[in-house]
Structures are given as structure tokens and as C-alpha cells.
Amino acid sequence: LLRQADEQMRTALRALAEGADARNPLILLGETLSQADECAAKNAENSLTDAPTREIHYIDMRRQQRRILLQVTQDAQKVQGHPPQEAEVRALIGRIFAEYDRENDCTSLLSALHDLLAEMQRQPLPTTRGEFEDRALLYVLLRRMEDFLLLKRLFYETYGFEKITN
């Protein structure tokens, strides 16, 4: 089930990168995570090792990431004017999708995200209210993606991905 959840997360990321609606993959992901949570709880009851505990934390991390992607989906749908920065943000999400792997500690992705934030700060300020609102949404979206990556990084630092075998 965890591998299925990972694939559903990838599907949602791909949809966001392509400008498509990611709600359906995220709904399916929520259902899969609930099933995985039930299995992990049963495994924890029947195990003498701490492997099921790591699985429970992994599921919790994915559940938190799912909530973030639901917020990102809502934010992305509110962008109206399609500023040039939108393509850059989608490209970054596309890179997150492409490099999405259990064993990725997110260091390079976080660096790329911070580089994009710095680049956006160097760009001229918006001149209309609509441009300002769109840029603000993109900034919030990037900060949410930063939280998404930091959750994974924290899990990686705490547990390591090779320990999750399911």
C-alpha cells in the first residue's frame, strides 16, 4: 500500500506540474493512506521490532504532505493572469515529480526552490493588483512546497527511507 500511495503522490505532483486538477489523485491517496494506516497499526500490534512504528510515521508524513498538496491545488486554481513565474513554479513542481523517490533526501530540490524564490525576489514588482495577487499566490504556493519537501527531509533524517520496506 505504501508504494501505491507513493505512486498516487507522484500522479498528483505530475498533475500540478501540468496545470491539471490534482484533486482526484489526492482523494485516492487519502483512501490508500487510511488503508495503509490500518495495516500498519495491525503490524505494530503483532511486532517486536520498531519497523511498524516507522511505517506509521511514514504514513503520517505522507498524510501531512497530502494536506499541503490539497492547499497547493487550491492556490494554483486561483492564479488568474498566468504570469511568467507560473511556468517557473510548474517547472519546479515538475522537477519534484521527476525526482520523487523514497530515497531522495530533498536537498537539491530545496536548493532549487530557494533559488527560484531568490530569482522571483529579483524580478520587477507587479504593476497591477491582478499581477500582485497572482505573484502572492505563487509565493504562497512555493512556501507550501517548501513545507512539503521539509516534511520528507525530516523523515529522511529521522528514519531513512531504506528502512521502509512496504
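Rings of Phe, Tyr and Trp (its six-membered ring) count as a pair if their centres lie within 6.5 Å; planes under 30 degrees apart make the pair stacked, over 60 edge-to-face, and the rest tilted. Keep in mind that this is a predicted model.

**Exercise 1.** Work out how many aromatic pairs there are by this rule, and sort out the geometry of Tyr-58 with Phe-155.

*Solution.* The count comes to two aromatic pairs. Take Tyr-58 and Phe-155: their centres are 5.4 Å apart, with 70° between the planes, making the pair edge-to-face. Next, place the residues. Tyr-58 belongs to helix 3 (residues 51-78) and Phe-155 to helix 6 (residues 129-159), so this pair ties together parts 97 residues apart in sequence. Tyr-58 and Phe-155 are buried.

**Exercise 2.** Find the ring that the charged end of Lys-152 sits over.

*Solution.* Look at Tyr-100: the charged end of Lys-152 sits over its ring, 4.8 Å from the centre.

**Exercise 3.** Decide whether Glu-86 is buried or exposed, and list what Glu-86 touches beyond four places away in sequence.

*Solution.* First, find Glu-86 in helix 4 (residues 84-98). Its relative accessible area is 8%, so Glu-86 is buried. Leaving out residues up to four places away in sequence, Glu-86 touches Val-79 and Leu-138.

Technical notes: Residues are numbered from 1 along each chain as its sequence is written. This is a predicted model: local features need pLDDT of at least 70, side-chain atom pairs count only at pLDDT 80 or more; totals for chains, interfaces and linings use all residues. Side-chain values use heavy atoms; hydrogens and water are left out. Helices (H or I, at least four residues) and strands (E, at least two) are DSSP runs, numbered from the N terminus. Buried means under 20% relative accessible area, exposed over 50%, partly exposed in between (1.4 Å probe, protein chains only). Contact means heavy atoms within 4.5 Å. A charge sits over a ring if NZ of Lys or CZ of Arg is within 6 Å of the ring centre and within 35 degrees of the ring normal.
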